[in-house]
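This briefing concerns the structure shown below.

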Amino acid sequence: METDGIKIKTIEIRLPIEYSKGELEQEIARIVGSNLFFYDIILKSLDARNKKDIHWKMRINVIEGESKYHFKSNTLEIPYRKRHKKICVVGSGPAGFFAAYVLQKAGYETIIIERGSEVAKRSKQISNFEQKGEFSESANYAYGEGGAGTFSDGKLTSRTKNIDREKNFVIESYIEAGAPEEIRYLSHPHIGTNNLIKVVRNLRDKFEEIGGKILFETTLQNIEINDSQVVAIETDKGKIDCDYLFVASGHSAYDTYRLLLHKGVKFQNKAFAIGSRVEHLQEVINLSQWGKRKIKGLKAAEYKLTHKAKNALPVYSFCMCPGGKVVQASPRNGLSIVNGMSYYSRSSPWANSAIVAGIYLPELLNKEITPSEALDWLEKKEQVFFELHNNFELPANIIQNFIEGKGSNKFPETSYSFGVFDYDFRELFPDAIYQSLRKSLIDFSRKIRGFEEGLLMGFESKTSSPIQVIRNENYLAAGFTNLYVIGEGSGRAGGIISSAVDGIKASTTLIE
Ligand SMILES: Cc1cc2nc3c(=O)[nH]c(=O)nc-3n(C[C@H](O)[C@H](O)[C@H](O)COP(=O)(O)OP(=O)(O)OC[C@H]3O[C@@H](n4cnc5c(N)ncnc54)[C@H](O)[C@@H]3O)c2cc1C
């Protein structure tokens, strides 16, 4: 490959699990036959197919000689000019933040409103919740600075195609804000909650340094519309006029969804997935994936499982958090929603993941339903899980007993802070979901030795939104001239990267 007249050679190398920079460079020198070179790692992945020979595989770009060439990634160019237009962005999650950041860099006057607290306060309130059970409606796992993904495992994978420039912009911004360099090339990059807290804080500083404004503990309550055009928003702290409105409120904010529907924003039902979280001892997963309880130099083994039994719904694992913790991600008192998080070290003794069945609600319920009814159905389910004990304790079962249709009178220790209790999930899930989960758990227990000993708990309802906004090719909500609904709440993105990219794509259509 030749770039700017410079010859770049791409090589593949393999290295043992523990290696030094010197060993990496020696291996490159051996392959290119020279000690004088520049290099750039473009992909690093773990090859654990043969448990007796687990090693790193790397793809590396190398330039031989004494070139002064700087490797650069294909990233976003943002043209700046003073634009004298005011943009309001609702939500400081990945979609809202990156839309606002790009627009501010392009010369707009951008203001983010966020119903939750800034990240340091949010951190304290989440600790209070976990340790003393004091739930805060403005600072929890769903709401607050950085959005739903701040207190997460911070996996940065995405299956969306043709997003290289936007994705690289997000990754480079995260690295500039303190994320580890390796997220640039790892095949399964993750940041971890401890790094995310720092990254989100530093990104806010960068946004404010270029003139962006952010108002915390400020909730969108109404939108003033004049002839298909948003003219202002009303918040609990007052009115803000705007030329363009970007709503990036995620998919936990039922009140905001209902406001959008009430204001005539068009949504349609879409397929999504629900189920429960499962938790295992990390050692069980390591043994199954690596053949060893621990490997020096590696954090914790991952898994990805899918199964489709005959006449059943497709079931798959989602958002696996190795060395992590099961958390209560409800945005308000009265609902119960499980999710998972981890720190960068991924060093807790537990591994968890969502095990969910893919559904399309009109099909599952065998009747036409409106998007508003789809939201009601899901919220009601989250409420049912809460109301079993009127608190955040989770109904649970040992996987083997779930498979056999029995209850459990003893549970293994769990990472979840609010405790679990025995409950028959047949009363909680529609039969099609219950039976599909059961069949798939049998299959997963064949694939991962010891899987059946794990604990299944709670309601996992936030893999993606049950509804999707209808928007045109310029990302504008159908029928509006200046309203964008973006990120996970739009039903057109899911996960940190794809939500951030959705925000960027929408904002760049406005700039162009
Ligand atoms: C515990 C947990 C772990 C996760 N782990 C991962 C992971 O490892 N990798 C991954 O890719 N994804 C993960 N996710 C999912 C990921 O966080 C989301 O996909 C992503 O954050 C969606 O981004 P978003 O900007 O669209 O919405 P969100 O991040 O949900 O942000 C929406 C923001 O809008 C604010 N808001 C809502 N309504 C209003 C209103 N009316 N007024 C003002 N503000 C409002 C909310 O407070 C929130 O901060 C995880 C989620 C959770 C909860």
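In this predicted model, the chain is divided into three parts: domain 1 (2–64), domain 2 (86–268 + 469–511) and domain 3 (271–460). Domain 2 is written as two stretches of the chain, 86–268 and 469–511.

**Domain 2 and domain 3**

- The centres of domain 2 and domain 3, taken over C-alpha atoms, are separated by 27 Å.
- Contact between the two involves 23 residues of domain 2 and 21 residues of domain 3.
- On the side of domain 2 that touches domain 3, at least two residues each come from α5 (193–209), α6 (254–262) and β13 (267–269).
- This side of domain 2 comprises 11 nonpolar, 9 polar and 3 charged residues.

**The ligand and its shell**

- The ligand is surrounded by 43 residues, of which the closest are Gly91, Gly93, Gly147, Gly250 and Gly487.
- Two or more residues of the shell are given by each of the elements α2 (94–105), β18 (338–341) and α12 (496–511).
- By class, the shell holds 18 nonpolar, 20 polar and 5 charged residues.
- The ligand lies between domain 2 and domain 3, because both domains give residues to the shell around the ligand.

**The sheet β9-β10-β11**

- An open sheet is formed by 3 strands in the order β9-β10-β11, with antiparallel pairing.
- The edges of the sheet are β9 (220–226) and β11 (238–241); each has a single partner strand, so one side of each is left without a neighbour in the sheet.
- On average, neighbouring strands of this sheet are turned by 25 degrees against each other, direction ignored.
- The antiparallel strands β9 and β10 (residues 229–235) are joined by 6 bridges.
- Glu224 has Ala232, in β10, as its bridge partner.

**Two loop residues with positive phi**

- Glu217 is found in the loop between β8 (213–215) and β9.
- Although Glu217 is not a glycine, its phi is positive, at about 50 degrees.
- Glu217 counts as partly exposed because it has 18 C-beta neighbours inside 10 Å, whereas a buried residue would need 20 or more.
- Ser228 is found in the loop between β9 and β10.
- Ser228, a residue other than glycine, has a positive phi near 65 degrees.
- With 13 other C-beta atoms within 10 Å, Ser228 is partly exposed; a residue counts as exposed at 12 or fewer.

Note on methods. Residues numbered from 1 in each chain as written. Predicted model: local features only at pLDDT ≥ 70, side-chain atom pairs only at ≥ 80, totals over all residues. Near = placed C-beta within 6 Å. Helix = DSSP H or I, 4+ residues; strand = E, 2+ residues; numbered from the N terminus. Nonpolar A, V, L, I, M, F, W, Y, C, P; charged D, E, K, R; others polar. Domains from an automatic or database assignment. Pairing = 2+ DSSP bridges. Axes fitted to C-alpha atoms, helices over the stretch in contact; angles between N-to-C directions. Contact = placed C-beta atoms within 7 Å.
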